[in-house]
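Dear colleague,

I am handing over the structure we spoke of, with some notes on what was found in it. Please have a look at it before reading on.

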Amino acid sequence: MLDLVTENSADTGQQALSGPMPLIEARGLMKSYDRRRMVLDGINLTIEAGERVALIGSNGCGKSTLLKSLIGLHPISGGTLRCFGDPVGMQGTRAQRLSMRRRTGFVFQKHCLVRRRTVLSNVIHGLFGERGSWHAFSHSLAREDWRLRAMHALAEVDLADKAMERADALSGGQQQRVAIARALVRRPRLLIADEPAASLDPVSGRNVMDLFTQLCRDHAITLIYTSHDMAHAVDYADRVVALKHGRVLFDRPAQRVTRADLKDTFDG
Amino acid sequence: MADRGLDAPGRWTGFSPLNFVLLVAVGAMILASMGKVAPSPQQLAEGVPGMANLVGRMLPPNTEPDFLARIGIRILETFQIALVGAALGIVLSLPIAWCAARGVSPLGRGSILVKAFVSFLRTVPDLVWALLFVASIGLGAVAGTMTIMVDTIGFCGRFFAEAMEDAEKEPQDALSAIGAGRGSVLVGAILPDIMPSLINSSLFALEKAVRSSVVLGLVGAGGIGQELKVAFDLFQYRNASMIILAIFVIVMVMEIITDKLRARIQ
């Protein structure tokens with residue numbers, strides 16, 4: 001935890017003097033796709049380094065939009081957003097956005113692997129964006145130390161023996177584990193997962209969530225994920241943030257979330 | 001047996017009065033044009049003996065060893081024009097298609113201009129390009145190669161760009177989300193996804209290049225077409241029939257090879 005704060009402060013010189021900054025800080029965050037309806041309508045959210053935060057809410061409440069806005073994949077329409085202390089969105093520069101993304105791992109609901117490439121090549125893709133990575137599109141052309149890092153990441157998700165298989169030859173659960181290895185190969189400080197277990201059967205979903213939280217704990221990675229499965233939200237997160245109609249309905253420790261809270265979140 | 005309350009739908013529900021008027025107008029235009037440019041029965045009757053006479057003078061095809069050796073060299077040159085022109089065109093088409101593909105292009109809205117440039121290359125016929133290159137570079141195979149290259153860029157540039165636009169978006173988003181640049185997204189996610197389509201289009205381009213390269217010689221751009229023109233100009237019809245036979249064989253061989261390669265990719 002300590003070295004995370006130190007590294008963060010080094011990235012933004014003046015913050016080092018004013019103490020540790022939250023990893024993510026959103027104030028009055030707004031997002032609209034068509035200027036008529038606000039998908040995010042004044043979100044206030046602070047996430048500290050090392051936390052595991054579950055975002056819950058019904059379909060269309062803005063969970064995925066919030067996750068993608070956090071790393072600048074969806075430009076925000078208003079408010080302020082800082083990630084790793086740097087502004088994201090309208091106030092941030094392209095360099096800041098890329099730098100922030102390079103410290104972040106992202107796992108999508110569908111695994112988003114390049115189907116025709118080997119598992120190893122897909123994991124090496126997680127290193128794209130680092131200096132001299134343009135030729136890393138195939139494991140055959142990647143640097144040897146990158147190949148080794150990717151093999152270590154695959155070993156962590158117990159798929160080292162599948163390294164040379166084509167990505168689309170794996171089961172859904174295995175593909176999601178490859179996506180986790182790809183997200184973790186660069187040892188990100190922040191891992192964002194958009195319904196990582198939604199496309200999996202209950203047992204595979206549970207295994208993937210176990211793996212996620214274990215790896216995040218082992219490597220002191222901050223985890224933010226969305227889930228429709230309340231057991232996944234309550235069992236694996238330190239904190240649960242519920243969204244409704246683009247606003248934060250509640251934000252409290254996972255063990256204090258009640259049935260009434262969940263009913264409020266998903267009713268109407 | 002039939003239900004009296006049940007009516008069958010109308011027979012011409014998809015055929016509006018406007019469609020009918022358009023159909024009649026197109027039919028009238030075809031009939032009017034036929035009066036001007038289609039052969040009359042009298043012309044056909046007179047042409048058949050002329051054609052029979054020509055075919056008679058073409059047979060048997062010339063199989064003299066010296067002549068066969070000469071057209072063998074010309075066939076080799078034709079293949080070289082087609083292969084080098086198509087290869088250069090395919091390689092150059094990749095960055096051009098990347099710049100032209102909407103939503104993928106590093107030029108943003110500038111992709112429209114690149115797309116317009118590719119359309120321009122495609123709409124000018126290959127024989128016109130050949131005339132331009134013969135006039136600027138001079139007679140011979142280099143003008144032919146340049147023609148095939150430009151023609152291939154017009155063809156592959158469009159199909160590669162469309163394939164890039166249709167590539168799966170999720171893997172691209174996944175790479176963008178971790179800080180990959182546009183070039184990395186191209187080589188890491190887009191190209192692997194569209195590879196079968198790229199290979200298919202390239203094989204079609206090669207096939208098209210071989211067909212084009214056999215006629216480029218008619219305007220002095222090298223290859224077997226040049227021999228064909230000389231044979232007709234000098235009324236050496238037995239030579240001409242042998243050259244036509246050779247063209248048929250090389251186009252057929254090329255189609256068989258590319259068909260087999262395509263089947264393997266599928």
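To begin with the overall form of chain B, a compact globule of 266 residues would have a radius of gyration near 18 Å, but chain B has 25 Å, where the radius is taken over C-alpha atoms and the globule rule is 2.2 Å times the number of residues to the power 0.38. Along the principal axes, the C-alpha atoms of chain B fill a box of roughly 70 × 65 × 40 Å.

Before going further, please keep in mind that this is a predicted model, in which local features need pLDDT of at least 70 and side-chain atom pairs count only at pLDDT 80 or more, while totals for chains, interfaces and linings use all residues. Residues are numbered from 1 along each chain as its sequence is written, and chains are lettered from A and ligands numbered from 1 in the order in which they are written.

Chain B has ten helices and zero strands (DSSP runs numbered from the N terminus, with helices being H or I of at least four residues and strands E of at least two). Of its 266 residues, 38% count as buried, that is, with 20 or more other C-beta atoms within 10 Å of their own, the C-beta atoms being placed from the backbone.

Within chain B, the axes of helix α2 (residues 41-58) and helix α10 (residues 237-265) come within 7 Å and cross at roughly 85 degrees; these axes are lines fitted to C-alpha atoms over the stretch in contact, with angles running from 0 to 180 degrees between N-to-C directions. α2(B) and α10(B) are therefore roughly perpendicular to each other, a term for angles of 65 to 115 degrees. L54(B), R57(B) and M58(B) of α2(B) meet Y237(B), R238(B), A240(B) and S241(B) of α10(B) in this contact, which requires C-beta atoms, placed from the backbone, to lie within 7 Å.

Between the two chains, the contact takes 19 residues from chain B and 22 residues from chain A. On the side of chain B, α7 (169-177) and α8 (182-216) are the elements that give two or more residues, and α8(B) supplies the largest share, eight residues.

In chain A, an open sheet of four strands has the order β2-β1-β4-β5 with antiparallel pairing, where two strands pair if DSSP finds at least two bridges between them. Because β2 (38-47) and β5 (86-87) of chain A stand at the edges with a single partner strand each, one side of each is left without a neighbour in the sheet.

With best regards

Technical notes:
Buried ≥ 20, exposed ≤ 12 C-beta atoms within 10 Å, placed from the backbone. Parallel < 35°, antiparallel > 145°, perpendicular 65-115°, else oblique.
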